[in-house]
Amino acid sequence: MTYVIAQPCVDVKDRACVMECPVDCIYEGERTLYIHPSECVDCHACEPVCPVEAIFYEDDLPGRWAHYRSVNAEYFQAAEGTGEPPVTGGDHRFVAGLPPQNSQKKEIAAFTLRKEEAADADLWFPG
C-alpha cells in the first residue's frame with residue numbers, strides 16, 4: 001500500500017510533504033507532486049502536513065480522485081521506460097491536460113517556500 005497525491009496539489013506543489021518524507025519518495029513534476037509507490041513506506045508523515053489535503057492513503061482516495069492512484073503509478077512507469085510513456089511536459093498526461101487550478105492556492109506555496117528558506121538559515125553560525 002502507498003499514499004497518493006490527488007488533484008488539490010495541482011498548480012500548488014506546496015512541498016511541505018517533501019520536507020517531512022523520511023525516505024524521499026515524493027518527486028516533483030511541472031504542475032504537481034507524485035509519490036513513488038514502490039518507495040513509499042506508508043509512514044503517514046506526508047499526509048498531515050499537506051495544507052490543501054491532497055494526500056490520501058490509496059484505499060481512502062475519494063471517488064472523484066480514485067484515478068490518481070493510476071496517475072501516480074504510471075508517472076513512475078514512464079520514468080522507468082516501461083510501456084507507452086504517459087508523461088507529457090514533465091507531468092502525467094492527465095495532469096498536463098487539466099485547466100489551470102485555483103490561483104488562490106498559489107499563495108500557500110509561496111508562503112511555504114519562504115518558510116523553508118528561513119528554516120534552512122543558521123542565524124547563529126552564518127556561513
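A cavity is a set of points where a 1.4 Å probe fits but cannot get out, on a 1 Å grid over the protein atoms alone. Grid points are joined across faces, edges and corners, and a volume is the space filled by probe spheres set on the points.

**View 1. The search for cavities of 30 Å³ or more gives 2.** The model shown is predicted: local features need pLDDT of at least 70, side-chain atom pairs count only at pLDDT 80 or more, and totals for chains, interfaces and linings use all residues. Residues are numbered from 1 along each chain as its sequence is written, and side-chain values use heavy atoms, with hydrogens and water left out. The volume of the largest cavity is about 70 Å³. Its lining is made of 14 residues (a lining residue has an atom within 4 Å of a point). Which of them lie nearest the centre of the largest cavity? They are Cys21, Cys25, Cys40, Cys43 and Cys46.

**View 2. The protein chain carries 4 helices and 6 strands.** Helices (H or I, at least four residues) and strands (E, at least two) are DSSP runs, numbered from the N terminus. Read from the N terminus, the order is β-α-β-β-β-α-β-β-α-α. Of the 127 residues, 40% are buried. Buried means under 20% relative accessible area, exposed over 50%, and partly exposed in between (1.4 Å probe, protein chains only). The chain exposes about 7500 Å², and carbon and sulfur atoms supply 53% of that area. Areas come from the Shrake-Rupley method with a 1.4 Å probe; for residues, only the protein chains shown count as cover.

**View 3. Tyr3 meets Tyr57.** Rings of Phe, Tyr and Trp (its six-membered ring) pair if their centres lie within 6.5 Å; planes under 30 degrees apart are stacked, over 60 edge-to-face, the rest tilted. The whole structure holds 6 aromatic pairs. In one of them, Tyr3 and Tyr57 have ring centres 5.2 Å apart and planes at 70°, so they sit edge-to-face. Distant parts of the chain are linked here: Tyr3 is in strand β1 (residues 3-5), Tyr57 is in strand β4 (residues 55-57), and 54 residues separate them. Tyr3 is buried because its relative accessibility is 7%. Tyr57, at 24%, is partly exposed.

**View 4. Tyr27 meets Phe76.** This aromatic pair is edge-to-face, with 5.4 Å from centre to centre and 70° between the planes. Tyr27 belongs to strand β2 (residues 26-28) and Phe76 to helix α2 (residues 68-79), so the pair ties together parts 49 residues apart in sequence. Phe76 is buried at 6% relative accessible area. Tyr27 is partly exposed at 31%. Both rings belong to a cluster: ring pairs link Tyr27, Tyr34, Tyr75 and Phe76.

**View 5. Arg64 lies over the face of Trp65.** The distance to the ring centre is 4.0 Å. A charge sits over a ring if NZ of Lys or CZ of Arg is within 6 Å of the ring centre and within 35 degrees of the ring normal.

**View 6. Two loop residues, Arg15 and Asp42.** Arg15 has a positive phi of about 75°, yet it is not a glycine. Arg15 sits in the loop between β1 and α1 (16-20). Asp42, also not a glycine, has a positive phi near 55°. The loop that holds Asp42 runs between β3 (33-35) and β4. Is Asp42 buried or partly exposed? Asp42 is partly exposed, at 31% relative accessible area.

How values were computed. On a 1 Å grid over the protein atoms alone, a cavity is a set of points where a 1.4 Å probe fits but cannot get out, and a pocket is an open set with protein on both sides within 12 Å along at least five of seven lines; lining residues have an atom within 4 Å of a point.
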